[in-house]
Amino acid sequence: MWLKRISIVNYKNLEQVELSFSRKMNCIIGHNGMGKTNLMDAVYYLSFCKSATNPIDSQNILHDREFFVIQGFYETDDGEPEEIYCGLKRRAKKQFKRNKKEYQRLADHIGLIPLVMVSPADAWLIDGGSEERRRFMDVVISQYDREYLEALIRYNKALQQRNTLLKADMEPEAELMLVWEEMMAQSGRQVYEGRKAFIEEFIPIFQSYYSYISQNREQVSLTYESHAEQGDLAALLLECRQRDRILGYTTRGIHKDDLQMQQGDFPIKREGSQGQNKTYLIALKLAQFEFLKRTGSRTTPLVLLDDIFDKLDASRVEQIVKLVAGDSFGQIFVTDTNRDHLDKILQKIEGDYRLFEVEDGKVVE
């Protein structure tokens, strides 16, 4: 899959943008705050039905405007055209269409256009709470496993209902609690099995990318932890029901899953330098690309690299450039404030590329 053309109206600071892209490499240069990341975010939106940076849709509309529209014109690996439309008016429901036909559920769109984005915000995968690391797993798996996404939606619905009962003034009915706990246990087991299988296959891919970028300077690991490893989730929920009632929320379940990220024998959050942490994150995302390419809808994912070279030494930048310029990657979008980084990439590209400049929300080739 590749994005041939995009049309953007009133999205963040992009008032009106019409661009045609290279099938291989698209480099976007500009100072901070000019709109480079907003352009990348518009491409992301067309894959995931939401912004990567702001989950409140109405706040993504350009100031003093009443709507935004993003349209993407794609071509599949088989040469078939795909047109994706997204439109949002203030105080109205978001519209998402594929080939002019509106989706009944946004979840049905996820996975059609697989995409991997690497950005400075990924630092939260290491520095943030477990929610960020669960989201990383969910974003990958949901793009190739529809049943996983459905199970995750069911689990989150049941979790929300159980938490509502736990917070209620009146003692909740035991039978009603049991209904939601059984739904959590059934769908939670499915989510756990999906995450476990994913991580087992993902780890060697991730370690291979890290070794390549770092030139074998460090050893890293990734470990999945879940309450589901302790036994039946329904039994765990019943066991902690009274304690959860006192606290007012659910303390056990796959919504507490986490990934332990280590360098050597210690958490990389504590031991890693800025460059090592960034290498870890980039290796995670490139492994995500490789995994989706192997297991997804037999469609090469788009790759968005947003300002990724800062804090990396020259040798690591060189290794990343070699990777993304290679034949195994499909369409790539790269942003940077430093023209030298982009020139190094373009020198290694033997095929087509396009270079864009962004200033105050205006984009020119």
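In the predicted model, the lining of the largest pocket is made up of 23 nonpolar, nine polar and 10 charged residues. The volume of this pocket is about 1,300 Å³. Its lining comprises 42 residues, and those closest to the pocket centre are Y44, K50, R135, F136 and V139. Several elements supply at least two lining residues each, namely helix 1 (36-48), strand 8 (115-118), helix 2 (124-127), helix 3 (130-142), helix 4 (146-167) and helix 9 (274-295). Helix 3 gives the most, with eight residues.

The second largest pocket has a volume of about 310 Å³. Of the 17 residues that line this second pocket, P120, A123, Q274, K278 and L281 lie nearest its centre. Helix 2 and helix 9 each supply at least two residues of the lining, and helix 9 gives the most, with five residues. Sorted by class, the lining of the second largest pocket holds seven nonpolar, four polar and six charged residues.

Helix 3 also packs against another helix. Two packed helices are described by the angle between their axes and the distance between the axes. For helix 3 and helix 5 (residues 174-214), the angle is about 90° and the axes are 11 Å apart. Helix 3 is therefore roughly perpendicular to helix 5. On the helix 3 side, the contact involves R134, F136, M137, D138, V140 and I141, which meet G194, R195, F198, I199 and F202 of helix 5. By class, this contact of helix 3 with helix 5 has seven nonpolar, one polar and three charged residues.

Strands of a sheet pair through backbone hydrogen bonds, either parallel or antiparallel. In this model, six strands form an open sheet with mixed pairing, in the order 8-12-13-3-14-15. Strand 8 and strand 15 (362-364) each have a single partner strand and stand at the edges, so one side of each is left without a neighbour in the sheet. From one strand to the next, the twist averages 15°. Strand 8 pairs with strand 12 (residues 302-306) in the parallel sense over four bridges; M117 has L304 in strand 12 as its bridge partner.

Two helices that contribute to the lining of the largest pocket also lie across strands. Helix 1 lies across strand 3 (25-29), strand 8, strand 12, strand 13 (332-336), strand 14 (353-359) and strand 15, and runs at about 150° to strand 12. Helix 9 lies across strand 8 and strand 12, and runs at about 175° to strand 8.

Terms used:
Residues are numbered from 1 along each chain as its sequence is written. This is a predicted model: local features need pLDDT of at least 70, side-chain atom pairs count only at pLDDT 80 or more; totals for chains, interfaces and linings use all residues. Side-chain values use heavy atoms; hydrogens and water are left out. On a 1 Å grid over the protein atoms alone, a cavity is a set of points where a 1.4 Å probe fits but cannot get out, and a pocket is an open set with protein on both sides within 12 Å along at least five of seven lines; lining residues have an atom within 4 Å of a point. Grid points are joined across faces, edges and corners, and a volume is the space filled by probe spheres set on the points. Ala, Val, Leu, Ile, Met, Phe, Trp, Tyr, Cys and Pro count as nonpolar, Asp, Glu, Lys and Arg as charged, and the others, Gly among them, as polar. Axes are lines fitted to C-alpha atoms, for helices over the stretch in contact, and angles run from 0 to 180 degrees between N-to-C directions. Angles under 35 degrees count as roughly parallel, over 145 as roughly antiparallel, 65 to 115 as roughly perpendicular and the rest as oblique. Contact means heavy atoms within 4.5 Å. Two strands pair if DSSP finds at least two bridges between them.
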